[in-house]
Amino acid sequence: MSIVPSLLAYNEQFVEEKRYEDYLTDKYPDKKVAILSCMDTRLVELLPKALGFKNGDAKFIKNAGGILTQPFGSAMRSILVAVYELGAREIIVIGHRNCGMNSIDSDRMVGKFIENGIDPLVIETLENSGIRMDRFLRGFERPEDGVMHSVRMIRRHPLFPQSVPVHGFVIDPETGAIEVIVEDFREE
């Protein structure tokens with residue numbers, strides 16, 4: 001049974017009771033920051049609260065591991081839009097302890113694709129077209145490594161302004177404790 005009917009029923013009541021009024025804001029981040037973080041369910045409420053953010057304070061961009069895999073992918077595009085169109089003046093990349101992307105095995109994932117009906121010829125065609133599964137599905141050994149990978153990719157991006165600071169943090173998904181990995185990263 002799909003979750004959709006229960007979601008829609010809840011939403012109808014939410015709107016009727018005007019519960020949305022507690023969340024009204026505009027599209028510009030009040031604290032002028034964009035945050036790239038992992039999609040981990042433990043961070044949905046914990047991360048903003050651990051940083052003292054309320055609805056409307058920051059642009060949150062989420063993907064697996066908070067890892068930028070492509071310099072011209074959708075996460076990087078979101079960062080550029082946040083800076084150039086929505087007023088973000090700082091970027092923070094936030095990884096976390098015990099992440100599902102720690103030591104992910106791309107070969108095992110490809111095996112799961114095939115087990116779930118993806119034709120091995122599709123994988124072969126993608127590989128032959130230059131899409132390397134080991135890079136596309138890349139994880140990291142330590143969350144600090146994943147954070148620094150993304151921080152460097154942002155900082156090196158040809159369209160990213162050098163005047164905008166890029167920071168890297170790691171959060172503990174149980175306590176919310178933040179560890180600064182790098183503040184205003186600049187390559188030397």
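**Pockets and cores of a predicted model**

In the second largest pocket, β2 and α3 each contribute at least two residues to the lining.

**Second largest pocket**
- This pocket holds about 240 Å³ of space, and among the 16 residues that line it, those closest to its centre are Asn-63, Ala-64, Ile-67, Thr-69 and Ala-75.
- Sorted by class, its lining consists of nine nonpolar, five polar and two charged residues.

**Largest pocket**
- Eight nonpolar, three polar and seven charged residues make up the lining of the largest pocket.

**Nonpolar cores**
- The largest nonpolar core comprises 24 residues, within which Leu-68, Ile-79, Ile-91, Val-151, Ile-154 and Phe-160 have the most contacts.
- At least two residues of this core come from each of β1 (33-38), α3 (74-84), β3 (90-96), α7 (143-156) and β4 (166-171), and α3 gives the most, with six residues.
- A second, separate core of 15 residues includes Val-33, Ile-67, Ile-92 and Ile-171.
- Leaving aside residues up to four places away in sequence, Ile-91 touches Ala-34, Ile-79, Val-83, Ile-154, Phe-160, Val-164, Pro-165, Val-166 and His-167.

Terms used:
Residues are numbered from 1 along each chain as its sequence is written. This is a predicted model: local features need pLDDT of at least 70, side-chain atom pairs count only at pLDDT 80 or more; totals for chains, interfaces and linings use all residues. Side-chain values use heavy atoms; hydrogens and water are left out. A nonpolar core is a set of buried Ala, Val, Leu, Ile, Met, Phe, Trp, Tyr and Cys residues joined through side-chain atoms within 4.5 Å. Buried means under 20% relative accessible area, exposed over 50%, partly exposed in between (1.4 Å probe, protein chains only). Helices (H or I, at least four residues) and strands (E, at least two) are DSSP runs, numbered from the N terminus. Contact means heavy atoms within 4.5 Å. Ala, Val, Leu, Ile, Met, Phe, Trp, Tyr, Cys and Pro count as nonpolar, Asp, Glu, Lys and Arg as charged, and the others, Gly among them, as polar. On a 1 Å grid over the protein atoms alone, a cavity is a set of points where a 1.4 Å probe fits but cannot get out, and a pocket is an open set with protein on both sides within 12 Å along at least five of seven lines; lining residues have an atom within 4 Å of a point. Grid points are joined across faces, edges and corners, and a volume is the space filled by probe spheres set on the points.
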